[in-house]
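This report describes a structure of two chains, starting with the place where they meet. The sequence and the model come first.

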Amino acid sequence: MTTQNVLRFVVKPAVCAAALGPLAWLTWAGLTGNLSVNPLSDLTNETGLWALRFLAISLAITPLRRVTGWNWVIRFRRMLGLYAFFYGVLHFLVYTIADRFAGLDFPDGMASWTTARNLAASVGEDIYKRPFITIGFTALMLMLPLAITSTAGWIRRLGGKRWNALHRLAYVSGIAAVVHYYWLVKADVRSPLLYAAVMAVLLGARVYWARMKAASVARSAPAVPRRA
Amino acid sequence: MLIKKPADIPYSEVTDRKLYVNRRDFIRAAAGVAAAGAGVVSISETLFAAGQPAPHGRKLDGVKKSPLSLAPEQEKTNTWDQITSYNNYYEFGTDKDSPSLVANKLKTEPWSVQVEGECAKRGNYSLDDILKGVALEERIYRHRCVEAWSMVIPWVGFPLSELIKKAEPTAKAKFVEFTTLVDYGTMPGVRQPVLRWPYVEGLRLDEAMHPLAIMAVGLYGEVLPKQNGAPLRLVVPWKYGFKGAKSIVRIRFTERQPMNSWQESAPQEYGFYSNVNPNVDHPRWTQASERRIGEFFKRKTLMFNGYADQVQGLYAGLDLKRNY
């Protein structure tokens with residue numbers, strides 16, 4: 001097998017399957033009673049953490065490629081980014097059901113338009129009222145256009161330059177996700193700070209490289225002033 | 001002389017030239033997959049050491065029922081496994097399962113409590129001294145965590161008022177301060193400056209004298225498990241759970257209001273009183289409802305955790321929005 005084929009038929013499916021590991025584990029543990037006695041809280045926390053982890057991993061691809069020269073890692077970026085969105089959506093769904101739906105009253109029975117309206121109002125009010133929910137929801141919403149435009153067709157339609165510019169929203173999403181985590185913990189901020197540090201390195205590297213590039217462009221620019 | 005000998009290896013077994021040329025990439029890719037797989041497994045394992053219920057302990061003798069308990073038909077009591085595998089005890093770590101996984105190393109015998117401050121009977125008392133002549137009662141209470149989860153717990157203990165009377169507080173004593181053990185050998189959590197150690201809690205003296213406030217030494221008729229604050233802990237059922245200082249080593253009577261650990265850590269979020277109050281939200285989440293452990297749908301949180309009839313007299317004229 002050629003390296004290309006190894007990547008395509010072995011490594012990629014393996015990474016894809018591994019990325020479903022956390023979901024498989026949570027499902028299995030949830031069904032067999034291997035979560036804590038507050039499983040809804042575990043599901044909420046874990047899906048959120050995995051969204052953050054995949055976001056960090058997908059943002060690590062470009063720096064990894066640059067530092068190691070392994071160009072092939074770029075082939076995993078889209079998939080890993082989509083997994084960040086996937087776990088983010090799961091996180092939001094678990095929150096909607098376990099935190100919002102479970103707290104509703106059901107004056108017209110559970111399956112009713114009143115329930116649907118009240119649920120929407122409850123989610124909306126929570127997003128509006130609680131800053132850590134507002135910023136968490138923002139992190140997820142910023143990933144939505146990226147997920148939609150992740151296909152080859154959309155890259156072509158937008159053009160590489162515009163597509164790249166749009167996908168820099170992932171940086172903002174990463175920052176928002178870390179702030180969301182930091183704002184929700186009670187006193188032990190070690191874990192959120194660890195993720196903040198990882199995010200700072202990943203984004204800081206980009207800033208650094210962008211500056212280096214700007215500087216070298218400036219150096220190699222012709223001495224005569226450019227005409228407007 | 002040249003001996004013509006057939007090749008040992010058939011051509012079919014010779015590595016494909018392309019693969020040979022790219023062997024380093026192949027090894028790298030394979031190593032990458034293996035590392036990723038191992039990473040996922042080890043992460044989920046370390047993250048998911050689910051709590052371990054406590055082993056059963058010695059049965060306590062002569063435990064009486066109390067009219068102050070919730071009736072079993074009123075609200076279902078949480079199980080031993082639930083109560084002993086999921087709680088906060090930051091000295092053992094900040095995860096809900098940390099106490100149940102780590103607390104077994106704690107040494108609870110011998111145990112003594114330093115009684116100090118504005119009282120006549122200052123001194124160092126062994127646990128046996130404290131329990132001498134004390135009638136143990138079962139108190140089935142609601143337990144409401146400030147994080148909006150709750151349980152119903154069958155504590156075994158005795159009224160805190162009995163201990164206070166024995167200490168003979170002076171006329172100057174207005175508050176009681178409780179201090180939790182700090183032991184670097186058995187409590188990994190105290191190496192982290194998450195809160196200022198030792199953990200300190202406090203009550204107004206009249207709150208402490210209320211018949212609902214107890215010192216707990218047991219659970220389900222047995223000796224209190226270490227993760228739940230053995231050998232001696234405070235239980236104040238109308239307040240958020242963190243007011244119930246665990247593994248108490250010092251009781252001090254003071255003239256001035258003690259500074260409790262959580263208030264010191266985040267004064268805008270945790271006050272001195274910390275009475276359960278569905279009308280005063282935590283700045284970051286609602287306190288109007290709670291999840292009873294074992295249930296899906298949330299319950300409405302009750303004023304003073306359902307003990308309003310008994311305790312609201314303590315707070316007549318006090319603005320509970322300001323004094324949260």
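## Salt bridges between the chains

Across the interface of chain B and chain A, the rule finds four salt bridges. A salt bridge here is a side-chain nitrogen of Lys or Arg within 4 Å of a carboxyl oxygen of Asp or Glu. One of the salt bridges joins the side chains of A:D99 and B:K298, at 3.1 Å from N to O.

## Basis of the model

This is a predicted model, in which local features need pLDDT of at least 70 and side-chain atom pairs count only at pLDDT 80 or more, while totals for chains, interfaces and linings use all residues. Residues are numbered from 1 along each chain as its sequence is written, chains are lettered from A and ligands numbered from 1 in the order in which they are written, and side-chain values use heavy atoms, with hydrogens and water left out.

## The interface as a whole

The contact (heavy atoms within 4.5 Å) takes 40 residues from chain A and 39 residues from chain B. Between them the two chains bury about 3,500 Å², and 64% of this lies on carbon and sulfur atoms. Buried area is the accessible area, with a 1.4 Å probe, that two parts lose on being put together, summed over both.

## The chain B side

On the side of chain B that touches chain A, the elements giving two or more residues are α1 (17-21), α2 (23-47) and α3 (80-85) of chain B. The largest share, nine residues, comes from α2(B). Helices (H or I, at least four residues) and strands (E, at least two) are DSSP runs, numbered from the N terminus.

By type, the residues on this side of chain B divide into 20 nonpolar, nine polar and ten charged. Nonpolar covers Ala, Val, Leu, Ile, Met, Phe, Trp, Tyr, Cys and Pro; charged covers Asp, Glu, Lys and Arg; the others, Gly among them, are polar.

## Each chain in turn

Chain B has nine helices and twelve strands. Of its 324 residues, 52% count as buried, meaning under 20% relative accessible area (1.4 Å probe, protein chains only). Among contacts in chain B with a separation of 6 or more, 73% are between residues 24 or more positions apart.

Chain A has ten helices and zero strands. Of the 228 residues of chain A, 41% count as buried. For contacts in chain A between residues at least 6 apart in sequence, 63% join residues at least 24 apart.

Definitions and conventions. Buried means under 20% relative accessible area, exposed over 50%, partly exposed in between (1.4 Å probe, protein chains only).
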